[in-house]
Amino acid sequence: KQRLERALECERPPSLRERGRRAEGREGAHASASPRSRPLLLCAKMYYLIPFAVLYFFRGRIATKVAPFLPTFTPQQVSFYGHSVTLFAGVLYCLPIEFLGLGGVKRVFYLICLWSVVLTSLMTIKANYGMPPMPEKLSFGAFKQLMAPESGLQGWLMKAMPSVDFNFLFLALIFVTAYPSMFVVGILGRRSLWSVCMHCAKTEGAGGKMFAVFKPRWEKLKAQEPQVLHVSALAEIFLAFWLTGNLILPTRQILTCFLYWNYLKTRYQSPRSSQLHEKAWMQLGSTVAPVLKVAPFLQKPIDLAKGWFKPQHA
């Protein structure tokens, strides 16, 4: 009889009280062991930083060893391949594959498009203006010395910032962590399409059969280049107002909106895009002129915005 009762007790599921006692015992054991095991857990979580640290501190030796095995590309080829990746990823992002349950894959295409712009712009800036002055040591004093006027960084920035590649580098970095936007992909894709097609038109056999098929359409687009660039400038301005209007919605992006307005100011002051953006703003002003006649109080903030967009000379 006693053996039967013991067998029944072993087969009986534990009560809620017994489960609570067991859980408290496990938590107590884990809490008692956590102070000792916590440093080991933190070290285990930081192991992934070791390869990046090795690449940074031994970058010179790694570059010396790996350089003979890497193919040599000219800056024009690097720009062509980079813009090709941007264009290809942008086209794939525009496909409605989210209806097939591939929303995560679409996000990947968006990030590839933007990071391709970042890397291509960095390579082009390096080829045109060289590397900027870098601190010898990672310390606050070294960075403070780097920001001094005699360090040469300010002169390098004055040469590189007005360039188109620096502007689009700024644009891509703004939206890397923001919500995906079809307008951003369209603006970046238009520039990549222009760069790829112009390279293929100048270099024989660069685009292969794909460019041979697209060449008639490219010639039509090239003939209407002023109109295409004007529409692209209007799209950049429209995106700024779109982000501003979204500030009243739950999906607002305050920092992205602030940074993009600064990007738009840079584009307005850049020598290569100032006339294009000025023409786009003039068209926008003529469109809203009837509204200003009805609501003249809006003229004051518009004048303030115009003064903010103008270059500020010391």
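Colleague: Let's start with Ile 174: which helix does Ile 174 lie in?
Modeller: Ile 174 lies in helix H9. Bear in mind that this is a predicted model.

Colleague: What makes Ile 174 count as buried?
Modeller: Its relative accessible area is 4%, and buried means under 20%, so Ile 174 is buried.

Colleague: Which residues is Ile 174 in contact with, leaving aside neighbours within four places in sequence?
Modeller: Thr 256, Leu 259, Tyr 260 and Tyr 263 have heavy atoms within 4.5 Å of Ile 174, leaving aside neighbours within four places in sequence. Take Leu 259: Ile 174 and Leu 259 are 85 residues apart along the chain, yet their C-alpha atoms are separated by 6.8 Å.

Colleague: What share of the contacts with a separation of 6 or more comes from residues 24 or more positions apart?
Modeller: 66% in this chain. Its elements are 15 helices and 0 strands, and 26% of the 314 residues count as buried.

Colleague: On to H12. How do you know that the length of helix H12 agrees with its number of residues?
Modeller: H12 runs over residues 225-245, which makes 21 residues, and at 1.5 Å a residue they should span 30 Å. The C-alpha atoms at its ends are 30 Å apart, so the two agree.

Colleague: Why is Leu 239 called buried?
Modeller: Leu 239, in helix H12, has 1% relative accessibility, and the cut-off is under 20%, so the label applies. Not counting residues up to four places away, Leu 239 touches Phe 175, Ser 181, Phe 183, Val 184, Ile 187 and Tyr 260. Leu 239 and Tyr 260 are 21 residues apart in sequence, and 8.7 Å apart from C-alpha to C-alpha.

Colleague: And why does His 230 count as buried?
Modeller: His 230 is in helix H12 too, and at 13% relative accessibility it falls under the 20% limit, so it counts as buried. Beyond four places in sequence, His 230 touches Leu 276, Lys 279, Ala 280 and Gln 283.

Colleague: What covers the buried residues of H12?
Modeller: The cover includes H9, H10, H11, H13 and H14. Among the buried residues of H12 are Val 228, Glu 236, Ile 237 and Leu 243.

Colleague: What makes the largest nonpolar core a core, and how many residues has it?
Modeller: A core needs buried nonpolar residues joined through side-chain atoms within 4.5 Å, and the largest such set has 35 residues. Leu 171, Phe 175 and Tyr 260 have the most contacts inside it. H5, H6, H8, H9, H10, H12 and H13 each give two or more residues to this core. Apart from it lies another core of 9 residues, including Phe 80, Leu 193, Val 196 and Trp 218. As for Leu 171, its contacts beyond four places in sequence are Ile 187, Leu 188, Tyr 260 and Tyr 263.

Colleague: How do you know that the lengths of H6 and H5 agree with their numbers of residues?
Modeller: For H6, residues 103-129, the 27 residues should span 39 Å at 1.5 Å a residue; the end C-alpha atoms are 39 Å apart, so that agrees. For H5, the 20 residues should span 28 Å and the end C-alpha atoms are 29 Å apart, which agrees as well. H6 is followed by Gly 130, with a positive phi near 80 degrees.

Colleague: What do the buried residues of H6 pack against?
Modeller: They pack against H5, H8, H9 and H10; Tyr 110, Leu 114 and Val 117 are among those buried residues. The buried residues of H5, including Ser 79, His 83 and Tyr 93, have H6 and H10 among their cover.

Colleague: Last one, the largest pocket: which element gives the largest share of its lining?
Modeller: H6, with 9 residues. The pocket has a volume of about 1,200 Å³, and of its 40 lining residues Ser 79, His 83, Thr 124, Asp 165 and Arg 191 are the closest to its centre. H5, H6, H9, H10 and H12 each give two or more residues to the lining.

Colleague: How do the residues of that lining divide by kind?
Modeller: Into 21 nonpolar, 11 polar and 8 charged.

Methods
Residues numbered from 1 in each chain as written. Predicted model: local features only at pLDDT ≥ 70, side-chain atom pairs only at ≥ 80, totals over all residues. Heavy atoms only, no water. Helix = DSSP H or I, 4+ residues; strand = E, 2+ residues; numbered from the N terminus. Expected span 1.5 Å × (residues − 1). Buried < 20%, exposed > 50% of the residue type's maximum accessible area, 1.4 Å probe, protein only. 1 Å grid on protein atoms, 1.4 Å probe; cavity = no way out; pocket = protein on both sides within 12 Å on 5 of 7 lines; lining within 4 Å. Points joined across faces, edges and corners; volume = space filled by probe spheres on them. Nonpolar A, V, L, I, M, F, W, Y, C, P; charged D, E, K, R; others polar.
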